[in-house]
Amino acid sequence: MLLYEGKDSFLEEVVDFKKSKYVLLPVPMEISTTYLKGTKFGPRSAIEASRSLENYDSELGAEVRDVIFTVGELEIPPDAEKAVKVIKETVSDVLREEKFPIMLGGEHTITYGASLAFDEDVVFVIFDAHADFKKDVLGSQINHASDSRLISKRNKVAILGVRSLSKEDKKELEKNGIVVLYIDDIEEKSALSRLHTLIKNKKVYISIDMDVFDPSIAPGVGTPQPGGLSYQSALKLLKAIVTTSKLVGFDINEIRPLGDNNITEILAAKLLIDIVALNEK
Ligand SMILES: [Mn+2]
């Protein structure tokens, strides 16, 4: 693995690999984006943004210090199938070292790559405005609008915050037994209890597509959708998930830097700190 210099690491920390618990993989994959371009610059930009944040998490009353080791950006080949393989192998390396993998992306396809490194009993909880359940996009089966479908072939999947899908997608989700919490009922008891049943005492991997958030707080994404999650409700959901299950990995993806307006990267970096803090509590 390529090692970052201290100046390029998350939270600007120089962390001893042996003593670290989490390994942060910047995954600048951008092959199948269909609308707005630039997600390959997301990981680096989120790492830069982390340097303006504190490592003390006031919401959670926990400090995130000397636990996250940042590696160099993964080299992603331009072919989706090969890219997925690189991600799978890198995440497998991290797991073999008995570390906890975290990825920053990059298009959402990275989650599919990571999923192949985990056992089939890991439940994937995916935050996304879109169901990402397309059979193929422009003839390609491995793409950023199919990751949930691809993952669901091996692992159980829940998708949270959905507000954009086709009628056909909806039928397919039902047929495949995917637990979907649409944005309108995401705080309702019955929806939350379906999620609870799926993840209770299970190993869970969390994937956050930044477009799950309202575009007012996360404008820097590839396919924005109006009417999304607030930071506070996301934090509430994350707390519920991490306390109910055993977290084994997570990623934050589809970050698309806009230049001067970096609130999306700040939010992504803050979420990364929050999830680690929750897991450390
Ligand atoms: Mn997505």
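Predicted model: local features only at pLDDT ≥ 70, side-chain atom pairs only at ≥ 80, totals over all residues.
F124 is buried, and Y205 is buried too.

**Rings around Y205**

How is a pair of aromatic rings described? By the distance of the centres and the angle of the planes. The model holds six aromatic pairs. In one of them, F118 and Y205 have ring centres 5.5 Å apart and planes at 65 degrees, so this pair is edge-to-face. The cut-off for that label is over 60 degrees. F118 sits in the loop between α3 (109-115) and β6 (123-127), while Y205 sits in strand β9 (residues 203-209), so the pair ties together parts that are 87 residues apart in sequence. Both F118 and Y205 are buried.

Why is the pair of F124 and Y205 stacked? Their centres lie 4.8 Å apart and their planes meet at 25 degrees, so the pair counts as stacked. The table sets the two pairs side by side.

| Pair | Centre distance | Plane angle | Type |
|---|---|---|---|
| F118 and Y205 | 5.5 Å | 65 degrees | edge-to-face |
| F124 and Y205 | 4.8 Å | 25 degrees | stacked |

**Other rings**

Elsewhere, one aromatic cluster is formed by Y22, F100 and F250. The charged end of K99 sits over the ring of F17, 5.1 Å from the ring's centre. K170 lies over the face of Y182, and here the distance to the ring centre is 5.3 Å.

**The manganese ion**

Which residues hold the protein donors of the manganese ion? They are H108 (ND1), D128 (OD), D132 (OD) and D209 (OD). These donors lie 2.1 to 2.3 Å from the ion. Read along the sequence, the donor residues follow the spacing H-x19-D-x3-D-x76-D.

**The backbone**

G105 and G106 are joined by a cis peptide bond, with omega at about 25 degrees. G106 lies in the loop between β5 (100-105) and α3.

Two other residues call for a look at phi. L11 has a phi near 60 degrees, a positive value in a residue other than glycine. L11 is found in the segment before β1 (22-27). Is L11 buried or exposed? Its relative accessible area is 11%, so L11 is buried. The cut-off for buried is under 20%. E12 also has a positive phi, near 60 degrees, and is not glycine. E12 too is placed in the segment before β1.

**The nonpolar cores**

How many residues make up the largest nonpolar core? It has 57. Inside this core, the residues with the most contacts are F127, I208 and M210. Helix α8 (residues 263-280) gives the core its largest share, 10 residues.

Now follow F127. Neighbours within four places in sequence are left aside here. Beyond them, F127 is in contact with L160, I206, S207, I208, D209, V212, L229, L237, L238 and I241. One of these contacts, D209, is also a donor residue of the manganese ion.

Another core lies apart from the largest one and has 36 residues. Among them are V84, I110, I126 and L173.

Notes
Residues numbered from 1 in each chain as written. Heavy atoms only, no water. Phe/Tyr/Trp six-rings, centres within 6.5 Å; stacked < 30°, edge-to-face > 60°. Helix = DSSP H or I, 4+ residues; strand = E, 2+ residues; numbered from the N terminus. Buried < 20%, exposed > 50% of the residue type's maximum accessible area, 1.4 Å probe, protein only. Lys NZ or Arg CZ within 6 Å of the ring centre and 35° of its normal. Donors = N, O, S within 2.8 Å, 3.2 Å for Na, K, Ca; no water. Core = buried A, V, L, I, M, F, W, Y, C linked by side-chain atoms within 4.5 Å. Contact = heavy atoms within 4.5 Å.
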